[in-house]
Amino acid sequence: MAKGIRLDADELLALREALPGSGKAEAARRSGAIPSRQQGSGMDLREIRAYVPGDDPRRLDPAATARTGRPHVRALNEDRDDVTLLIADFRPAMLWGTADAMRSVRAAQHLALMGWQAVQRRGTVGLVIAEASGARSVAAAAGDAQMATLCRMLAHRHAEALAAGQAVASLAEALALPHRLAPPGARVTLATLPGGWAGAEDQLARLARGRRLDVALILDPVEVAPPAFALPVEHGGLQRLARLRGARLSDHTDRLRELGAAGRGITS
């Protein structure tokens, strides 16, 4: 498959070497759901919540599990040190582009870079992927091995998205998952297209409460600098001439600010 359409896990892994000081960085905390204890980090219980894939089974709470009939884990205050959650939009509207890469590919590259930066800070990183059929997630954990797993998952799910149908889905399900995966104080980065959160504004606003929510708006070149001439557009067997209009980024960033999130355009 052509470069820019296929998402290559090795390219996402290689982004680690592009970080300043990556060759001299201290070793990240060991991989796993429990980050190693550091100076001043507390071990007091923050909450007991439902288990999600990737949680350390050593934190299972027997009483809550027995009471509810569903696995529950203990979340400790030390987990709040530096948690980053990445949300990739792989719905059909993202599987498109007019330059050297589709929006979805550029979104994954941006998120992978954010993830490697978190690992370099010795933070933990988790992932949510929005697809036409629903959403998938990986709980936050620390270390290079965790980030490598996320890179491979991004590449695999992107390939599956390319082969899937064109069902229309909102981000509602994907934006509901982070409430369990990202504790208060966490950094959350969503990579989507301008207005991609339509139908999920309530979930977006709720996610922004108590968290740092950044929305990377993946812009296509025709949105940044649309051609001055009309183009033929075919739909449903009909063909018409239409002029493309550039995206008014401020409209989207202003709305995101109202919802408690920060938005910025990503052009490359």
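Leu154 touches Leu7, Leu12, Ala88, Phe90, Ala108, Leu127 and Ile129, when residues up to four places away in sequence are not counted, a contact being defined by heavy atoms within 4.5 Å. The model is a predicted one, in which local features need pLDDT of at least 70 and side-chain atom pairs count only at pLDDT 80 or more, whereas totals for chains, interfaces and linings use all residues. Residues are numbered from 1 along each chain as its sequence is written, and side-chain values use heavy atoms, with hydrogens and water left out.

Together with Phe90 and Met147, Leu154 touches the most other members of the largest nonpolar core, which holds 34 residues; such a core is a set of buried Ala, Val, Leu, Ile, Met, Phe, Trp, Tyr and Cys residues joined through side-chain atoms within 4.5 Å. Buried here means under 20% relative accessible area, exposed means over 50%, and partly exposed lies in between, for a 1.4 Å probe and protein chains only. At least two residues of this core come from each of strand S3 (83-89), helix H3 (103-120), strand S4 (124-131), helix H4 (144-163) and strand S7 (212-218), and H3 gives the largest share, 9 residues. Helices (H or I, at least four residues) and strands (E, at least two) are DSSP runs numbered from the N terminus. A second core of 29 residues is separate, and includes Val83, Ala130, Leu175 and Ala208. In soluble globular proteins, nonpolar side chains tend to be buried together.

H4 can be followed along its length. Its 20 residues should span 28 Å at 1.5 Å a residue, and the end C-alpha atoms are 29 Å apart, which agrees; the expected span is 1.5 Å times one less than the number of residues. Among the buried residues of H4 are Met147, Cys151 and Leu154, but also Gln146, Arg157 and His158. The buried residues of H4 pack against helix H1 (9-14), S3, H3, S4 and strand S5 (134-142).

In the loop between H3 and S4 lies Arg122, which has a positive phi of about 70 degrees although it is not a glycine. Most residues other than glycine have a negative phi. Arg122 counts as partly exposed, at 29% relative accessibility.

Which charged side chains pair up with each other in salt bridges? The structure holds 13 salt bridges, each a side-chain nitrogen of Lys or Arg within 4 Å of a carboxyl oxygen of Asp or Glu. One of them joins Arg255 to Glu201, with the closest N and O atoms 2.5 Å apart. This pair links distant parts of the chain, 54 residues apart, since Arg255 sits in helix H9 (residues 249-258) and Glu201 in helix H7 (residues 201-208). Arg255 is partly exposed because its relative accessible area is 30%, and Glu201 is partly exposed at 26%. Arg6 and Asp8 also meet in a salt bridge, at 3.4 Å from N to O; Arg6 is partly exposed at 40% relative accessibility, whereas Asp8 is buried at 18%. A network of salt bridges links Asp82, Arg121 and Arg187.

Over the whole chain there are 9 helices and 10 strands, and 46% of the 268 residues count as buried.
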